[in-house]
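Work through the exercises below with the sequence and the 3D view open. Try each task before reading its solution.

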Amino acid sequence: MLSYIRRKFAGSGSHFLAFLLCALVLPSAAVVFVAVAGMLTQEKAMEAAVSSYVQDLAESMSYHLSSDSEVWTFAMLSDFTRYPFFSWGPSIPGWVALIAQDGKVLIASPGSMSIIVSIWRNDLPVGQAVRVTDKGGAQYTLAIYPVKRPGGGYVVAAVSWTQLLGGLVGVVRLWPALIVAIAFLSFIAIRLLWQKVVRPLRSLASEIDSMTLGKDVPEKLPDGTIEEIESVHSALLRFAQAAVERDNLRNRYVRDVVQAQEQERMDMAREIHDGALQDVTALLQQIHMIADDENKTSRLKRSEIIAKAVVKELRAFCDELAPPWMDLGLNEAVTELAERLSQAYDIRIMTDYDEDTDNAKIENDKILSLLRIIQEAVSNAVRHGEASEVNIQLTRENDTLTLEISDDGKGFDAANISHETLRVEGHRGLASMKERMNLMGGTLKIDSSPGKGTDIRASLRI
Amino acid sequence: MAVRILLADDHPLTRSGIAEFVRREESFELVAEAEDGSEAWDKIRELRPDVALLDIRMPGYDGVTVAQKVKNEGLNTAIVMLTSYDAQQYVIASLRAGARGFVLKTVSPKELTTAINTVAKGGLYLDPEVASVMGEQDFIPEQLSVREREVLLLAAKGLSSKEVAKKLFISERTVQTHLASIYDKLGSRNKTEALLLALKYGVVTLEELLEDE
């Protein structure tokens, strides 16, 4: 049953709302209905009881007072006053009185005089209980019975509803107000539900629907949104912001890569233009001049020197672009690079390896990454750290290869520099080392502090 | 008697250029040309030349592999590596594979003649351009101690400091100290330079380097 309802109303917001409306209104309506029905039934029963009571009272009184022969005398009347209900009043709240044919009150129980006068009407039926209302709105049930004797007269018996039911009457009057109040409260509740839950949820849903992840961030919620939706919203906000940040980072990264590519192309172009191209041009000039030159030997010698220089330059250029000695294996490639760097920077570079780093099958791109890291690290050690000795160590533990490069340079405060700071503050080399290792699925740790040199540790799985 | 020579290079222009040098020299006889490593290996086995000029980078077998095969087979052919790459690790790899010469392709005919003649007589020839890194001309190296010579030879054979330490029953730290001292004495900045200089000064010989451990 419950699951049926859930299925039925899980669909859309308005169905759910209708369900909530029913859930709120129907029970209260039922309560009101039952209460009103109960009240009415009870009032009917009371009325029957009260009617028969006043009828009985009036009838028995009239019976006592009836006589065939005697005319009313005051002596008789004073005799009647001995009846307890004339002296004390009836046993339930009410009054009884004897009224002469001409309407004059002969005897009356205490307090009844004024009331009977106030409710008396000439068209009241005789021998039958009737419900009347006085000018003040108080209700009474009243019965009139004729006294059968010469001279006539009537016994009037009455019960006051107000006195009989007391506060209950007030409660009965409260019912309509209560119903209105319940309806009003239900309306308010539904309105609040709509305003604070359904509508924010709907707008949140449509916002999520139309959001481009990585670009948009959800708008701020209006004030007074309930806590639960607020927390859903803030989770969405965090999620969206993270996506935006990641997108920004990626865009920046791509831009960097493109820039670096363009820069590299320009550098290569400049290098070829200023180097090999100039040399070959010079060579061509020498060859042109050989034809009409008496000093052929020295021209040829010059040409040879130039050509050799071109070859050397282009060789160095190729080595720089993609070291051809990479295919010698990891240890040899590292040694070659280390020794070239030691010659280029004129510093001592010690290299050492574990036995099993060399025969490890390592892809060329991983070797190249490690070589680039060594290049960058040694260049940093010399240029920024003014190091005079660098130690390069390759170790292997199971599938993890670790390259450690330590120098005796000045060092820097590595602990307080984040990856982002590295990127933006021009230490692009360090940042790109990290990115390179990340790309290879490895890690890079930089450990340095002023005066203690720098220790770079790159690890990757092979 | 002319020196019988085999030339292997996958680059036709370079190959024909060098072939012309060799043919021009009267004391040389070009017995075969090969355009890849496996052809070179087949012809060496078939023709048993005195000297084989091998390019390092070739399809099939590379030059170092062919040299290794010649060494393993115990053939008398002397190998000269002929390459465009000046990487010292190629020199070391070639020497370990049994090559006796290492010459860059930019070499002059005179130098190539010297190289071929040197290795044909059982000597060692390294291109001056590769060897130019090896200290000044008039540098006189300090004498290495016996231990230092051992350390240098083992390191030259490609052993790591840890392995050298294990082999000589000394600590790794001591090996490092020895190496640093060797570098100082030979005026080198690194292991390869140290080895090449040691070979140049005759501190160690190629035969010692090729000995099995």
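**Exercise 1.** How many helices and how many strands are there in chain B?

Solution. The model is a predicted one. Step one is to count the helices of chain B, which gives 11. Step two is to count its strands, which gives 6. For burial, 45% of the 213 residues of chain B count as buried. As for contacts in chain B between residues at least 6 apart in sequence, 64% join residues at least 24 apart.

**Exercise 2.** Which residues touch the most other members of the largest nonpolar core?

Solution. This core has 102 residues. Those that touch the most other members are Ile374(A) from chain A, and Ile5(B), Leu53(B), Leu54(B), Val80(B) and Leu152(B) from chain B. Next, ask which element gives the largest share: helix H11 of chain A, residues 364–383, supplies 7 residues. Another core, of 29 residues, lies apart from it and includes Tyr53(A) and Ile119(A). As a general point, nonpolar side chains tend to be buried together in soluble globular proteins.

**Exercise 3.** Which residues does Val80(B) touch, not counting residues up to four places away in sequence?

Solution. Contact here requires C-beta atoms within 7 Å. With sequence neighbours up to four places away left out, Val80(B) touches Val51(B), Leu53(B), Ala99(B), Gly101(B), Val103(B), Ala115(B), Ile116(B) and Val119(B).

**Exercise 4.** What does chain A bring to its contact with chain B?

Solution. Chain A gives 19 residues, and chain B gives 19 residues. On the side of chain A, helix H9 (296–321), helix H10 (330–345) and strand E6 (348–353) each give two or more residues. The largest share, 7 residues, comes from H10(A). Sorted by type, the residues on this side of chain A are 7 nonpolar, 3 polar and 9 charged.

Note on methods. Residues numbered from 1 in each chain as written. Chains lettered and ligands numbered in written order. Predicted model: local features only at pLDDT ≥ 70, side-chain atom pairs only at ≥ 80, totals over all residues. Helix = DSSP H or I, 4+ residues; strand = E, 2+ residues; numbered from the N terminus. Buried ≥ 20, exposed ≤ 12 C-beta atoms within 10 Å, placed from the backbone. Contact = placed C-beta atoms within 7 Å. Core = buried A, V, L, I, M, F, W, Y, C linked by C-beta atoms within 7 Å. Nonpolar A, V, L, I, M, F, W, Y, C, P; charged D, E, K, R; others polar.
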